[in-house]
Amino acid sequence: MFKHYFKTAWKNLKRDKIFSFINISGLTIALAACMLVATVVIDDLSYDRQWKNEKDIYRVNMIDKMGEGLYDRMEVSFAGLSSAFKNYPEVQATSAISSGEFRLRLSDKEPDGVKVKILHADTSVWQLLNFKITQGNPKKFISAIKQANIVITESFKKKFFRNEHVIGKTIYNLPTYSDKTQPMLITGVIKDIPSNSIFRSDIISIGLPFRETLAKEQYGTFIQNFVLLKPGANATQFIRKFNNWYKNFVTSKTPYSFELQPLKDIYLHSDFSSSTRIKGNYRDIFIFSGVALLLLIIACVNYVNLSTAKAVKRLKETGVRKILGAQRKQIVQLYLTESLLYFGISTLAATGIYWLLLHPAEIFLGHHLEITFISRYYLFIGAYVVILLFSLLIGFYPAWILSGIKPVTSLKGKMFSGKFSLQTAVRKTLVVLQFAVSVMVLICLIIVWQQVNYLKHKDIGFNKNNLISIDYTSWNGHGEAFKNQLLSNSNIENAAITQWTPSNGPGFMSREIYDPNRSGTKIKINYINGDVDLAKTLGFHVRSGRLLSKDYTFDAANQDSLMQMDSARYSNAVKQQSSLITTYTAKMLNVSRLGISIKDALTTPVGIIDNINNESLKKPIQPLMILADNNISSGAMLIRIKPGSEKQVMNYINQTWRKFFPNKALEIKNVSDLLDNQYKAESRLQQLFMFFSILSIILATMGIFGLVMQSLIQRTKEIGIRKVLGASVRSIAQLFSTEYMKLLIIAIIIASPAAWIFMHKWLQDYAYRINIEWWVFVVAGFAVILVAISTVSIQAIHAAKANPAKSLKTE
């Protein structure tokens, strides 16, 4: 019986090529998109779940309570926590783990070295993470030699040391802080660290644990602490017990507190962390999943509408089958077989598209996808089973409706009796749903585009264009000479040595002082430190007072000299040190007159400048002070160049660098690119919304195409009679357009508030954001109406031009 159903379904598929193409292409696009999105979502949710002890590993975050309801959450904590934690029976091991980049010289052929991702960890890391060792004995730390112990991955070995014995081999790090290369001894090889891990890297640098104890005064080295609790230990109870002990241990009235963040949550819940190199966003999972699901809904609605539209041609066939004794169950099975056939072909085609797009998707995301439907056979089988069940579910509605038509009605060529039917209402409702989704996605696209454009072009208090930076380095006493040599080039307007660069955190240090406007509340002040030319190089605008200058004794302090003073002299000197403050800082600290020392801030402001967004625009502006140092031994350099001279300047900087620092690698970056990279996730979201918006409109247009075709088939004689009675082509096209215009307006009315609610909530994550304007909804609605009505009108005009004599013929 099934074989007969399959043959019949295959004949019908080949007979109605247009319907079949629309159905299969729509389902293929939607299923391929869903499979890709599902892969990304599954991969994101799988981060760091492959470790043996993943349920018991936590990162220790530190919380600084600034006041009632105000707190600062940090991913780092004191190195001394490690020794303190070992006094608790719940703790099995601790390790300091952080990630970064190194530039390694692997041979004499690469004087500038190669940039690699590196994981810094102490010897306890082997207790936390079960890396799979393939060569050597890296767990045995070799401390007798003056070389760092490193472990490389198999892919790194294959790429740079193919067919070589690497255990005991020395490679060299090219540090930016020294002219001397740092030897590193390879002690082991491990299997590649899975890409779905925040620890993914090419090399692990192993060192001894920090020998530091907790200070009662709450100072110390900040590191990322990871702790492994014993099986069965309650993390909440443990950290509560530790916080109670720490509160009594320290001398401060406002002690820090600590929290344990599960390892598996770090990737998706590290928005607060500026140093976490590998991180995602849990919101993206909901956004991507939601949009992909909406696409699938549109495709399924298309299938239902097109199936019922196609069934108009088969009404008499269905009636004859029922008269000849076919039961409703058998007719349902026939239509379900057709559904399985359409979904089966679409699934195979979607799988091919998925396979082709998988690598481009990895390039777009910037990392390898560890878990895919191809690499995990059980996911592949599971996906096919879900699609099978889904096809039966979606196919059941048209099968049940069409099999329930009375033989008398079907033999007359009518779908349903009466002027209005529940089924007709359902089909129109589905079309409204389709276009509501399309309008909603389009509105989201416009708002995301506006927000990204706003983030990239908002005035942030300094000119980011034509500004380049040299990465942090040790100047070895040649910084000022190197800077002056650069300034001799006519294409370089200004340059400054600095310990802060845009996009690299809020400043080079911060200090907490009590808020003069709210008793008992602290505010954090960030400090930017550079030479006296920093303000001119960045292009700060002075509101009142003056910029820092070498002509004033206290404008440019020598930090090295200050550190050699006794506490009394140091306190007096720093209070006299001049600074620039922003307008917001002046308001927060009630600064009404310049030249008066701010006691707690340990500085004397001499100028007020326009507000500066020294961090991402996702974060609200904070108090900021700019200091000057006339002898910065290590830092970055910001260089202001003339427009259009970037290539010439880059070559000149490279040549000059080689003269001053022949053994150091040079890293030059465009500041505008650095700042734009802060919004990389938003730009990616914009691109995805663009892609999904186009797909949703295409699929929805297919749906209305099917509904119009069905209506035209049913009303062929009506159109012929209208033409005989003198109706024009325009009036007939307008008749059909008006009907669908009502559905589109309903769709816009439904989609607009839903999109506003969703995007309003999304925008709340940005301290600086656009206002959602009314015209966004008008533009999105008009665009969808234009596409849909054009589709309706073209078909209606084509039908209206048909010869009425043919339309009025009876069989």
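A: Let's begin with a term: two strands pair if DSSP finds at least two bridges between them. Keep in mind that you're looking at a predicted model.

The part to zoom in on is strand β7, residues 148-153. β7 pairs with strand β9 (residues 182-190) in the parallel sense, over six bridges. One example to find on screen is Ala-148, whose bridge partner in β9 is Met-184. β7 also pairs with strand β10 (residues 203-207), but here the two run antiparallel and four bridges join them.

Now turn to the side chains of β7. Ala-148, Ile-150 and Ile-152 point one way, while Asn-149, Val-151 and Thr-153 point the other way. Are these residues buried or exposed? All of them are buried, whichever way they point. Because six of the six residues are buried, β7 is largely enclosed by the rest of the structure. For the chain as a whole, buried residues make up 51% of the 811 residues.

Follow the chain past β10 and you'll reach Gln-218, in the loop between β10 and β11 (222-223). Most residues other than glycine have a negative phi. Gln-218 isn't a glycine, yet its phi is positive, at about 65°. Its relative accessibility is 12%, so Gln-218 counts as buried.

You'll find Asn-476 in the loop between β14 (467-474) and α14. With a relative accessible area of 32%, Asn-476 is partly exposed.

Two packed helices are described by the angle between their axes and the distance between the axes. Helix α14 (residues 479-487) packs with helix α19 (residues 646-660) at an angle of about 150°, and their axes are 11 Å apart. That angle is over 145 degrees, so α14 is roughly antiparallel to α19. The crossing of these helices is right-handed. On the α14 side, the contact is made by Ala-481, Phe-482, Gln-485 and Leu-486, and α19 brings Tyr-652, Ile-653, Thr-656, Trp-657 and Phe-660. Sorted by class, the residues of this contact are seven nonpolar, two polar and no charged.

Helix α22 (residues 716-724) and helix α23 (residues 729-763) pack at about 140°, with axes 10 Å apart. That angle makes α22 oblique to α23. The crossing of α22 and α23 is right-handed. Glu-718, Ile-719, Arg-722 and Lys-723 of α22 meet Ile-732, Leu-735 and Phe-736 of α23. This contact has four nonpolar, no polar and three charged residues.

Finally, zoom back out. The chain has 25 helices and 23 strands. Among its contacts between residues at least 6 apart in sequence, 79% join residues at least 24 apart.

Notes. Residues numbered from 1 in each chain as written. Predicted model: local features only at pLDDT ≥ 70, side-chain atom pairs only at ≥ 80, totals over all residues. Heavy atoms only, no water. Axes fitted to C-alpha atoms, helices over the stretch in contact; angles between N-to-C directions. Parallel < 35°, antiparallel > 145°, perpendicular 65-115°, else oblique. Left-handed = near helix turned anticlockwise from the far one by under 90°. Contact = heavy atoms within 4.5 Å. Nonpolar A, V, L, I, M, F, W, Y, C, P; charged D, E, K, R; others polar. Buried < 20%, exposed > 50% of the residue type's maximum accessible area, 1.4 Å probe, protein only.
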